[in-house]
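Please open the model in a viewer and keep the selection tool at hand. The stops below are meant to be followed in order.

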Amino acid sequence: MSAYRRILVAVDGSAASMKGLREAIRLAKDDRAQLYILHVVNELYAFANLDGFAPSVDIVPVLREGGRRVLAKAKAVADKGGLRAKTLMRETPGGAAADIIVREARKQNAGLIVLGTHGRRGLRRAVLGSDAEQVVRRSSVPVLLVRAVN
């Protein structure tokens with residue numbers, strides 16, 4: 001048994017992150033650990049997907065609302081699994097979500113970070129980047145990557 005007292009799981013609403021959440025719930029129940037569910041609102045990703053067009057509305061409130069929905073759904077899954085998880089939403093105007101994830105794990109004194117990953121390889125990973133890889137590189141605590149692909 002691993003005996004992690006505090007586990008941080010990052011969610012973005014994707015199937016991969018939900019698979020990571022389910023694994024984090026299982027581990028937290030086994031270890032009787034406190035589970036922290038984190039969502040990072042990253043404005044840079046929203047603007048990067050606009051292909052050079054300026055948004056006609058302030059997109060940040062939309063991102064925040066989406067983040068609240070992601071966290072509410074994740075908390076409902078944890079509640080159903082018998083855990084009283086704490087939800088956290090952090091914002092960054094740009095840069096890597098990995099920095100926020102690692103910083104929040106440190107702040108919450110987490111002994112483990114759990115991330116769902118798409119398991120991209122080769123050119124797709126090089127083009128899209130990998131927050132999971134950056135978390136692994138920067139974290140001082142163990143990181144569990146849960147692949148969405150079978």
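In which helix do R26 and D30 both lie, and how many residues apart are they? Select the two residues in this predicted model: both belong to helix α1, and four residues, about one turn of the helix, separate them. Their side chains meet in a salt bridge, at 3.0 Å from N to O.

Through shared partners, the salt bridges join E23, R26 and D30 into one network. With relative accessibility of 23%, E23 counts as partly exposed; R26, at 40%, and D30, at 39%, are likewise partly exposed.

R32 is not a glycine, yet its phi is positive, about 55°. Most residues other than glycine have a negative phi. R32 counts as exposed because its relative accessibility is 71%, above the 50% limit.

**The sheet**

Five of them form an open sheet in the order β3-β2-β1-β4-β5, with parallel pairing. The edges are β3 and β5 (143-147), each of which pairs on one side only. On average, neighbouring strands are turned by 25° against each other, direction ignored. Select β1 and β2: these parallel strands are joined by five bridges. I7 stands opposite L35 in β2.

**α4 on the sheet**

Bring back α4 (97-107). This helix packs on the sheet and touches β1, β2, β3 and β4, its direction making about 150° with that of β2. Which residues of α4 are buried? They are A97, A98, I100, I101, V102, E104 and A105. Their cover includes β1, β2, β3 (86-92), β4 and α6 (131-138).

Follow the chain to N109, in the loop between α4 and β4. Although N109 is not a glycine, it has a positive phi of about 55°. At 58% relative accessibility, N109 counts as exposed.

**From α4 to α6**

Select D99 and R138. These residues form a salt bridge whose closest N and O atoms are 2.4 Å apart. The pair links distant parts of the chain, D99 in helix α4 and R138 in helix α6, 39 residues apart. Both count as partly exposed, D99 at 34% and R138 at 38%. A search of the whole structure finds nine salt bridges.

In soluble globular proteins, nonpolar side chains tend to be buried together. The largest nonpolar core has 21 residues, of which I7, V9, V11, L21, L35, I37 and V114 touch the most other members. At least two residues of this core come from each of β1 (6-10), α1 (15-31), β2 (34-42), α3 (60-80) and β4 (112-117). The largest share, six residues, is supplied by α1.

Centre the view on I37. Leaving aside neighbours within four places in sequence, the contacts of I37 include V9, V11, L21, L71, A74 and A78, as well as K75, A85, K86, T87 and L88. Apart from this core lies another, of 17 residues, among them V40, A97, A110 and L115.

Technical notes
Residues numbered from 1 in each chain as written. Predicted model: local features only at pLDDT ≥ 70, side-chain atom pairs only at ≥ 80, totals over all residues. Heavy atoms only, no water. Core = buried A, V, L, I, M, F, W, Y, C linked by side-chain atoms within 4.5 Å. Buried < 20%, exposed > 50% of the residue type's maximum accessible area, 1.4 Å probe, protein only. Contact = heavy atoms within 4.5 Å. Pairing = 2+ DSSP bridges. Axes fitted to C-alpha atoms, helices over the stretch in contact; angles between N-to-C directions. Salt bridge = Lys/Arg side-chain N within 4 Å of Asp/Glu carboxyl O.
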